[in-house]
Amino acid sequence: MKPKIFVSRPIPDQAIERLAALFEVQVHPADAALKPPQLGQACREAAGLLCVGVRVNEEVLSQAPHLKVVANCGVGYDNIDVAACTRRGIVVTNTPGVLTEATADLAFALLLAVARRVVECDRYVREGRWQRWEFGSLWGSELHRKTLGICGFGRIGQAVARRGRGFGMHIIYHSRRRAPEAIERELDGHLVDKEALLRESDFLTLHVPYSPETHHMIGARELGWMKPTAFLINTARGKVVDEEALVQVLKSRQIAGAGLDVFEHEPHLHPELLKLDNVVLLPHVGSATRETRLAMAMLAGENLIAALEGRRPPNVVNPEVYG
Ligand code: NAP
C-alpha cells in the first residue's frame, strides 16, 4: 500500500502527477486555507503534508500521529510551529531560491510604482481627470543616484540590490551578519546599523523572515527616523511592520509613501490604508508567477518525497530532527 499524503490546496498537475506515482494523494479541492481542526482531521492518516498557505500548529499535529514530514510550499515558514514538529520528530522543509527572482521583481515593481505614482496616474486617467498635459503635476521621485536600503540581506534582499544597481542606486544594508566580501564588492553594498539604514534610505525595502525577533522591527520609532521623502516597501511579512504606526506616518506625510504586498492581519487591511493615495497595495503576490509557483510546488514535492523515502531533503528547516 502506498503511503498517504495530504496537499492542502490545488497545485499544478505536474507536481500532483509526480507525487501520485509514489503516494496515495489527497488534495483539498478549494484554494482556501483549511482551519487547524479541519487540517488535522484531513491529516489523520497522512505520512506527509504538503502545505500551501495553512497554519500547522499543535492542534493539527495532535490529530496526525503518522506525520513524518511537513513540506511547506514557500520560503517563509512562520505559519508552522517548527518546535512542535521537531518535538515529534517531524521534518519541516521549505522552498528557498526558486522564488527569489519573482519576489525581487515584485519588490522592484512596488518601488517603481510608488516612486513614479504609477497606480495613482492610472486612476487619474481612468477617472477622466486627464483633461490636458501639464508640466507641473504628478511629479514623482527618481531612482537614479538614490539610496536603496535593504533590511535582511539574504537571497531576496541581494536580488533586489542587483536590480537597484541596474538603476544606478547606491546600496546600503542591515542584516544579522555581514555578507561575503564578493557580494559586497559585486553590489557595492555597505553594511550599516538599523538606525543608519532608516535615516539614510530613500527607498527602504524589507526582506527579513518573520520571527519573534523581527516582530514590529519597523515601529513608530524607526519610522520616525525615516526621511520625509522616503518610501517603505514591504514584501517580507506584514507583522514585521507596526501597521498602525505606518498608517500614522503615511497620513501625516512624515514619509512619502509605501508599497505593500503583505499586511499585519491579511487579508484584512487597516481601513485607513485604503483611503491613502500614497500607498500601493497588493494581495500578497510576491511569488505569484507561472514559473515560480510551479517550481515551488515541484520543490516542495521533492522535499516531501526525499523525507518519506528516508533520504535527507534538500531544504530542511529543522536539522535537529536528524540528531
Ligand atoms: P533569506 O535568504 O534567509 O534572507 C533573510 C535575511 O534576513 C538573512 O540574511 C537573515 O540573516 C536576515 N535576518 C534574519 N533576521 C534578522 C534580523 N532580526 N535582523 C536583520 N536581519 C535579519 O530569506 P529569503 O529567501 O531572502 O526570504 C526572505 C523572506 O521573504 C521570507 O522569510 C518570507 O517571509 C518573505 N517572502 C515573501 C514573499 C511574498 O510573497 N511577499 C515571497 C517570498 C518570500 P541570517 O543569514 O543570519 O539568517
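Mentor: Begin with the residue classes: Ala, Val, Leu, Ile, Met, Phe, Trp, Tyr, Cys and Pro count as nonpolar, Asp, Glu, Lys and Arg count as charged, and the others, Gly among them, count as polar. A residue is near a molecule or strand if one of its heavy atoms lies within 4 Å of it. By class, the shell around the ligand holds nine nonpolar, eleven polar and six charged residues.

This is a predicted model, in which local features need pLDDT of at least 70 and side-chain atom pairs count only at pLDDT 80 or more, while totals for chains, interfaces and linings use all residues. Residues are numbered from 1 along each chain as its sequence is written, and side-chain values use heavy atoms, with hydrogens and water left out.

Which residues come nearest to the ligand? Of the 26 residues around the ligand, they are Arg155, Ile156, Arg176, Thr235 and Asp261. Contacts come next. A polar contact is a pair of N or O atoms within 3.5 Å; within protein, one must be able to donate a hydrogen and the other to accept it, and residues adjacent in sequence count only if both atoms are side-chain atoms. Arg176 places a polar side-chain atom 2.7 Å from an oxygen atom of the ligand. For Arg155, a backbone N or O atom lies 2.9 Å from an oxygen atom of the ligand. For Thr235, a backbone N or O atom lies 2.9 Å from a nitrogen atom of the ligand. The ligand taken alone exposes 930 Å², and the protein buries 88% of that. Such areas come from the Shrake-Rupley method with a 1.4 Å probe; for residues, only the protein chains shown count as cover.

Now the strands. Helices (H or I, at least four residues) and strands (E, at least two) are DSSP runs, numbered from the N terminus. Two strands pair if DSSP finds at least two bridges between them. Strand 6 (residues 147-151) and strand 9 (residues 203-206) pair in the parallel sense over four bridges, and Cys151 has Leu206 in strand 9 as its bridge partner.

Where do the side chains go? Buried means under 20% relative accessible area, exposed over 50%, and partly exposed in between (1.4 Å probe, protein chains only). Strand 9 is covered on both faces: Phe203 and Thr205 on one side and Leu204 and Leu206 on the other are all buried.

Last come the rings. Rings of Phe, Tyr and Trp (its six-membered ring) pair if their centres lie within 6.5 Å; planes under 30 degrees apart count as stacked, over 60 as edge-to-face and the rest as tilted. The count comes to four aromatic pairs. One of them is Phe203 with Phe231, stacked at 5.3 Å centre to centre and 10° between the planes.
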